[in-house]
Amino acid sequence: MIHIFTSVVNRPDFVSLQDKLFKRFLKDNYQFHIVDDSIDESISEQFKLICVKNNFSYYKKPERTIQMNPAQACADTVQWTYDTIIKQNHKSDIVFFCDSDLFLIDEFNISEYMSDAIIAGLPQRRGNIIYMWNGIMFFNMPKIIDFDINFSDGIVIGIVTGK
């Protein structure tokens, strides 16, 4: 079973569209998990209804107490999801993180893609620094030895990451 996580802040209509395209193109059985980081309660209610209607898992991330730029907010949500949900409940699963506005357009088999991999994603380069973009990441959790991963953006050797 593949566990797909997407964090959402707006556009409830994208959740159903993502799922429709997963059903059409994804060759794996999956459970869809929605992590709600919106600040608008009416938007959150729409996400909750979509999740109930479609049997998706729904999680409401606690609100941030400090001001963050969009890159920091996204990293914070991914970190919270990984630490609070994935590390606690999915150590024996393959996990797929994707942005809420990414959509499959062709057939894809995540289990096959990850059969020999531990972690996969889209590398980002800033000078000599290479890091994984948090918009699309795959984790073969049974193969990860150290479950502590830091998704924070920041400055590494004087180079800004995550923006």
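Because the model is predicted, local features are reported only at pLDDT of at least 70 and side-chain atom pairs only at pLDDT 80 or more, whereas totals for chains, interfaces and linings use all residues. Residues are numbered from 1 along each chain as its sequence is written, and side-chain values use heavy atoms, with hydrogens and water left out.

Helix α3 covers residues 70-89, and its 20 residues reach 27 Å from the first C-alpha to the last, close to the 28 Å expected at 1.5 Å a residue; the expected span is 1.5 Å times one less than the number of residues. Helices (H or I, at least four residues) and strands (E, at least two) are DSSP runs, numbered from the N terminus. The helix has a kink of about 35° centred on Tyr-82, where the bend at a residue is the angle between axes fitted to the seven residues ending there and the seven starting there.

At the N-terminal end, α3 is capped by Asn-69, a side-chain oxygen of which lies 2.8 Å from the backbone nitrogen of Gln-72. Pro-70 is found in α3, and it counts as exposed because its relative accessibility is 69%; buried means under 20% relative accessible area, exposed over 50%, and partly exposed in between, with a 1.4 Å probe and protein chains only. Pro-70 and Asp-99 are 29 residues apart in sequence, and their C-alpha atoms are 13 Å apart in space.

The buried residues of α3 include Ala-71, Thr-77, Val-78, Trp-80, Tyr-82 and Lys-87. Against the buried residues of this helix pack the strands β1 (2-8), β2 (30-36), β3 (57-60), β4 (94-98) and β6 (129-140).

What space is left among these elements? Rolling a probe the size of a water molecule over the atoms shows where empty space is left. On a 1 Å grid over the protein atoms alone, a cavity is a set of points where a 1.4 Å probe fits but cannot get out, while a pocket is an open set with protein on both sides within 12 Å along at least five of seven lines, and lining residues have an atom within 4 Å of a point. Grid points are joined across faces, edges and corners, and a volume is the space filled by probe spheres set on the points.

A search of the whole structure finds one cavity of 30 Å³ or more, and the largest cavity has a volume of about 60 Å³. Among the residues that line the largest cavity are Thr-6, Val-35, Cys-74, Thr-81, Phe-97 and Asn-134. While β1, α3 and β4 each supply at least two residues of this lining, the largest share, four residues, comes from α3.

The second largest pocket holds about 300 Å³ of space. Of the 15 residues that line this pocket, Ser-7, Val-9, Cys-74, Asp-99 and Ser-100 are the closest to its centre. Here β1 and α3 each supply at least two lining residues, and the largest share, four residues, again comes from α3.

Ser-100 is placed in the loop between β4 and α4 (110-113), and it counts as buried because its relative accessible area is 14%. Leaving aside neighbours within four places in sequence, Ser-100 is in contact (heavy atoms within 4.5 Å) with Thr-6, Ser-7, Val-8, Phe-14 and Gln-18.

Lys-60, in strand β3, is partly exposed, with a relative accessible area of 33%. The C-alpha atoms of Lys-60 and Asp-36 are separated by 4.8 Å, although the two residues are 24 apart along the chain. Beyond neighbours within four places in sequence, the contacts of Lys-60 are Asp-36, Asp-37, Ser-38, Ser-44 and Trp-80. A polar atom of the Lys-60 side chain lies 2.5 Å from the backbone oxygen of Ser-38, and the side chain of Lys-60 also makes a polar contact with that of Ser-44 at 3.4 Å. A polar contact is a pair of N or O atoms within 3.5 Å; within protein, one must be able to donate a hydrogen and the other to accept it, and residues adjacent in sequence count only if both atoms are side-chain atoms.

Two loop residues remain. Arg-11, in the loop between β1 and α1 (12-25), has a positive phi of about 55° although it is not a glycine, and at 40% relative accessibility it counts as partly exposed. Asn-55, in the loop between α2 (41-54) and β3, has a positive phi near 60° and is exposed, with a relative accessible area of 60%.
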